[in-house]
Amino acid sequence: MIDGKTKLICLLGHPVGHSFSPNIHNFLFKKYNLNYKYMCFDVNPEKLEDSVSGIKALKIFGANITVPHKVNILKYLDEISFNAKLIGAVNTIKNENGKLVGYNTDGIGFVNSILEKGYKIKGKNIMILGAGGGARSIAVEIANSRAKSIEIRNRSLEKANNICGLIKDNFDIETNTGDLNIGQKDLESIDILINTTSLGMNPNINSSVIDENIKINNDMLVCDIVYNPRETKFLKWAKYNNLETLGGIDMLINQAIEAFYIWTGIKADKKELESIL
Ligand code: ATR
């Protein structure tokens, strides 16, 4: 029921029609009996500043921010969390009595997915494929979780070097960069391999960031942040090599659970959410 006390949480993005976030959050608000509603707003880039003024004027309680606004939103916020500042992108806002505070839950969502699966990050060698926004948030949170080393491989080396520079400046962790031409030897000492490139994403489901003829005989965990399709060609390659895998849907759910916690103070139960997605 919507009444005079209903708190509104909104998604600002462009486009927003494909988003799972309203399903996730409205389900959780109902489940925890909270008088909140979640709605999506398709905001053109030139209207972002007006939208933020609207959030303040209407006392909207919180928001998620998605593509293409995650970076540009920073300049309109009153306060930004330490991690979001390092990542340089915000995906969650809380309106604290008129002060808009920005957070980034993407990387935390990913790290939580790995920990829930029973894997450790502390002391491990991690390779990240890709150097876009997803890679940046994951690299920061993995560094924060005290990995031993982070190697970033990307088509454009400059972006990979950029992320490694950021990690080196803020954490005491070995870093490396390289291109996407990956051979078996490069993966020998890797504990966790993560695809953050858009290769394999619907409709390009037949592309993969890795040569499928590469054979692996260690026991690394292979993760993909792409969630459509659920099982990418990259993950199929990992399964063929008898490796454990983690798909993008987990990160999607866990970043939402973190945002939900920021707004409500409640740690939502993940199991039921998997069924609605
Ligand atoms: P996100 O915010 O989801 O990380 P993004 O910032 O657009 O998305 O990053 C997409 C990543 O996929 C980048 O690392 C990009 O490589 P470049 O930095 O060289 O552009 C990578 N990517 C996209 N298409 C690719 C392709 N055809 N081959 C290799 N890498 C690709």
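Helices (H or I, at least four residues) and strands (E, at least two) are DSSP runs, numbered from the N terminus. This is a predicted model: local features need pLDDT of at least 70, side-chain atom pairs count only at pLDDT 80 or more, and totals for chains, interfaces and linings use all residues. Residues are numbered from 1 along each chain as its sequence is written, and side-chain values use heavy atoms, with hydrogens and water left out.

**View 1. Tyr38 sits in strand β2.** The strand covers residues 36-42. Tyr38 has 3% relative accessibility, so it counts as buried (under 20% relative accessible area; exposed is over 50%, partly exposed in between; 1.4 Å probe, protein chains only). Cys10 lies 28 residues from Tyr38 along the chain, yet their C-alpha atoms are 5.5 Å apart.

**View 2. Tyr38 and its contacts.** A contact means heavy atoms within 4.5 Å. Leaving out residues up to four places away in sequence, Tyr38 touches several residues, including Ile9, Leu11, Phe29 and Trp263. Asn64 is also one of them. The side chains of Tyr38 and Asn64 make a polar contact at 2.7 Å (a pair of N or O atoms within 3.5 Å; within protein, one must be able to donate a hydrogen and the other to accept it, and residues adjacent in sequence count only if both atoms are side-chain atoms).

**View 3. Cysteines without disulfides.** A disulfide is a pair of cysteine sulfur atoms within 2.5 Å. The whole structure has zero. Cys40 is partly exposed, at 25% relative accessible area. Cys223 is in no disulfide either; its nearest cysteine sulfur, in Cys164, is 18 Å away. At 0% relative accessibility, Cys223 is buried.
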